[in-house]
Amino acid sequence: MTPPIAQPVIESMMEQPPPLPLRLPPPARARQRSRRRRLTPARIGIYAFLLMAAAFFLLPLYVMIVTSFKPMDEIRQGGILALPHAFTLAPWRQAWSGVCTGAACEGIRGGFWNSVWITLPSTILPILIGAVNGYALSFWRPRGARLLFGILLAGAFVPVQVMIYPLVRVMALAGIFGSLPAIVLVHLVFAMPVMTLLFRNYYAGLPDELFQAARIDGGGFWRIFLQVMLPMSLPIIVVAAIMQVTGVWNDYILGLVFAGRDNLPMTVELNNVINTTTGTRQYNVNMAATILTALLPLALYFLSGRWFVRGIAAGAVKG
Amino acid sequence: MANVHLHKLCIRLGGKDIIRELDLQVAAGEFLVLLGPSGCGKSTLLHSIAGLVDMDSGAIEIGGRDMSDADPSERGIGMVFQSYALYPTMTVEANMSFGLRIAGTPKAEIRRRVARAAEMLQLDALLGRKPAQLSGGQRQRVAIGRALVREAQVFLFDEPLSNLDAKLRAELRRELKLLHQTLGSTMIYVTHDQVEAMTLASRIVVMDKGAIQQIGTPAEVYERPANRFVAGFLGAPAMTFIDGALDGAGRFVGGPISLALPAAPAGAGPVVLGVRPEQVEIRADGPLQGEVTLVEPMGNHQVVWLRCGALAMSALVHDGRVFAPGQVLGFAIDAARVSLFDPADGRRLGA
């Protein structure tokens, strides 16, 4: 909210002839300006380093983008950094709907939709269950809650690869191996520690009195969660969603193992496109397919960088 | 309106005794203030009445019914918290009606009760706002309104004015007192602020270290403190304590002070004399002599600090006399109103 004095100040400045500008004493002002403007060697060094680092990370992206718009003839001539002469969208069309991913040649759009159908439930379910976990641990504090939470956190330190074979056996026994529910369940289980931690820390920051007031008002476990706590959780839900969407979308190994042939995510399809050994390598199509696969997390980072940083901080500082 | 009885209440938290064997009877319609320093267990006591803290043994009766194990919502209480604890995503109206909506009260009845509470607390114009759009005083009014619409038997206040600035605090304090006069409900109020305790209470319970030190009307607790803790906790500037002895003939002697006490207990022996600032009168013909060390003007009165031998005493002066540090003055102590304490256990001696 702008302070209420702002308006009168502006009005009075417009009415009165030459208003005396409010200024700092000249020496202080001069010193401040010179400090801001002067380019010291240290500052030049910092900028040089930052520019180099940025170029280092942006160069591959640049090469990918320009290559994806070039026809193959132009790529064979070399000049990897050159802008496309004969600009073409054909590689993108090919990557989306024509390139061979193993036996079928229908592009990676199938993988895109598979990834969407895996990511949606694998984001919504962990957030909901993590929120309930965090809420119960922060406010209801059941007997042994600290121990349970400790075990859950310890689970976060076990490498995923260690669990794959046992999980495959369990899934096979349950008869859901190689299906959409299997891959969603795996993502759900692996997301539990961090989701619970995220929500537990968020709720631990809310005043206990709020919960007590709701208890006196007669709220039970679910009503307080759904009507008081969940509506207040929007910031942390956004953070959790960003973390979970990028994590699930970028996953390769779990999708490859558990999703089954009909539900392979985009990352696995992309690998199939690029590792095709027959025929000539279509660099432009490969580049386009890679950018398409990375597009969603990339867009998410750009649109929500502020929230994403907040999520990392929430997990890191308070944990 | 309901009475509240606590029998042999014990509460342990984290392996520490917070409250030990506490008995308390709160009469219906009473404004009882629990007063004590932080960490004395007064908030824990209030929370246990509300059912928010589990007790280890003992019993809680509200309105003649045993509520020891009842859920907070079944106890017929309304509670107001220091941090307001309003639901930030709900409007003022939804905040006040939340409990009634959970209880399934008919819509017309909810509207009637919310309208009545809003009128009493001058919240009519704010019903559609969210808590973030309210000032501190307005937020606390909404929190009081939330307790009001529950038509609670007992109102519990947990330092409700501590987050407000001085002017608002005084204003809301008067409103609370008026509210109690209008409703006549039982109110239990926790505070560490003695001004709130003195002005609001029909009875004050002074607590320290999980035990009740004294129960009485504000005047009783102030004029006749049951022990040195109560005497020292209430009153600003604090009571001056003077170590000395009774000579067996009704005379107190300690340091430079020698005072005939009209109501002295029989016998001789060491005692501690307690003198409040208003019991010290500065006058030229006073039997005692002191040197002015500091003068604190308070507007309608002034506090004059005197050094008398090794003693530092304060005196209240209600006229416009001017004193300067270093000045030597005569003063007298009102022997009929002073307190005597046992130096060993701090108990009050005599009547």
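User: Which residues of H6(A) meet A:Met266, A:Val268, A:Glu269 and A:Leu270 in H14(A)?

Analyst: They are A:Gly110, A:Gly111, A:Phe112, A:Asn114 and A:Ser115. Here, contact puts C-beta atoms, placed from the backbone, within 7 Å. Helices (H or I, at least four residues) and strands (E, at least two) are DSSP runs numbered from the N terminus. This is a predicted model: local features need pLDDT of at least 70, side-chain atom pairs count only at pLDDT 80 or more, and totals for chains, interfaces and linings use all residues. Residues are numbered from 1 along each chain as its sequence is written, while chains are lettered from A and ligands numbered from 1 in the order written.

User: How do I read the packing of H6(A) and H14(A)?

Analyst: Two packed helices are described by the angle between their axes and the distance between the axes. In chain A, helix H6 (residues 109-140) and helix H14 (residues 266-274) pack at about 160°, with axes 7 Å apart. Axes are lines fitted to C-alpha atoms, for helices over the stretch in contact, with angles from 0 to 180 degrees between N-to-C directions. The angle therefore makes H6(A) roughly antiparallel (over 145 degrees) to H14(A). Their contact has 4 nonpolar, 4 polar and 1 charged residues; Ala, Val, Leu, Ile, Met, Phe, Trp, Tyr, Cys and Pro count as nonpolar, Asp, Glu, Lys and Arg as charged, and the others, Gly among them, as polar.

User: Where is the kink in H8(A) centred?

Analyst: Look at A:Pro166, where H8(A) has a kink of about 30° (the bend is the angle between axes fitted to the seven residues ending there and the seven starting there). After H8(A) comes A:Gly175, with a positive phi near 80°.

User: And what is the strand order of the open sheet in chain B?

Analyst: Its 5 strands run E15-E19-E16-E17-E18, with antiparallel pairing (DSSP finds at least two bridges between paired strands). The edges are strand E15 (280-282) and strand E18 (311-317) of chain B, each pairing on one side only. From one strand to the next, the twist averages 45°. E15(B) pairs with strand E19 (residues 328-333) of chain B over 3 bridges, in the antiparallel sense. For an example to click on, B:Glu281 has B:Ala332 in E19(B) as its bridge partner.

User: How many residues does each chain give to the contact between chains A and B?

Analyst: Chain B gives 16 residues and chain A gives 14. On the chain B side, strand E6 (77-80) and helix H2 (92-103) each supply at least two residues, and H2(B) has the largest share, 4 residues. By class, that side holds 12 nonpolar, 4 polar and no charged residues.

Definitions and conventions
Contact = placed C-beta atoms within 7 Å. Parallel < 35°, antiparallel > 145°, perpendicular 65-115°, else oblique.
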